[in-house]
Amino acid sequence: MSENVNQENKQEQENTDTPETQPQQEPSPETAEETFTVTRDQMEKMEQLAKMVSDASDKYLRLAAEYDNFRKRTAKEKESLYGDAKADTVKPFLEVLDNLERGLAQFEEGDPHRQGMEMICKQFMTVLEKLGVQQIEALGQPFDPARHNAVMHVEDESAGENTVVEVFQQGYALGDKVLRFAMVKVAN
């Protein structure tokens, strides 16, 4: 029996001495680092890829900026669209106001028809003011080509240089936008 035991022990030792059970050796630091060699073709391909990525990024940034500008422009157009529509709607009513004022001038002071016409004119002006329409001050003001339309010129010593001395037709503005220029006579 001792022979059997000896043989079994020998077999166990042989099994334990196989490379699987032997401790593996740590690789040396020199063998752990791998070095890569890059060929010229590979380097050119990497540069081309980097350029493609850069171009794609540039295109994306440009597209994003264009979209942002488009969004801002359309928002601004929407805001101005209401103001333009309002101005286009109010302009024809200014002619009606002119006719009311001409009709008012036909009646004498104290006439009941004149009083009724004055009330209509005041009501009309109140509606225009609620819409933001304002009368352009012209009489006695310095001539402003951005707000006045000079149709006559007169030499007058009593009036100052480039002063409006007579208004033929009132001008109106909606905010900063001139709906109708005031037709005026300018002195000197």
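**Close-up views of a predicted model**

**View 1. The side chains of Arg114 and Glu109 meet in a salt bridge, with 3.5 Å from N to O.** The model is predicted, so local features are given only at pLDDT of at least 70 and side-chain atom pairs only at pLDDT 80 or more, whereas totals for chains, interfaces and linings use all residues. Residues are numbered from 1 along each chain as its sequence is written, and side-chain values use heavy atoms, with hydrogens and water left out. A salt bridge here is a side-chain nitrogen of Lys or Arg within 4 Å of a carboxyl oxygen of Asp or Glu, and the structure holds 9 salt bridges. Arg114 is buried at 16% relative accessibility, whereas Glu109 is exposed at 66%; buried means under 20% relative accessible area, exposed over 50% and partly exposed in between, with a 1.4 Å probe and protein chains only.

View 2. Arg62 is exposed, with a relative accessible area of 53%, while Asp58 is partly exposed at 37%. Arg71 and Asp68 also form a salt bridge, at 2.3 Å from N to O, and Asp68, Arg71 and Lys72 are linked in a network of salt bridges. Helices (H or I, at least four residues) and strands (E, at least two) are DSSP runs, numbered from the N terminus.

**View 3. Phe93 and Phe124 form a tilted aromatic pair.** A search of the whole structure finds 1 such pair, with 6.5 Å from centre to centre and 50° between the planes. Phe93 lies in helix H3 (residues 40-105) and Phe124 in helix H4 (residues 112-130), so the pair ties together parts that are 31 residues apart in sequence. Rings of Phe, Tyr and Trp (its six-membered ring) pair if their centres lie within 6.5 Å, and planes under 30 degrees apart count as stacked, over 60 as edge-to-face and the rest as tilted. Phe93 is partly exposed at 42% relative accessibility, whereas Phe124 is buried at 18%.

**View 4. An open sheet of 3 strands has the order S2-S6-S3 and mixed pairing.** Strands S2 (148-154) and S3 (163-169) are the edge strands, each pairing on one side only; two strands pair if DSSP finds at least two bridges between them. S3 and strand S6 (residues 182-187) run antiparallel and are joined by 5 bridges, with Val164 opposite Val186 in S6.
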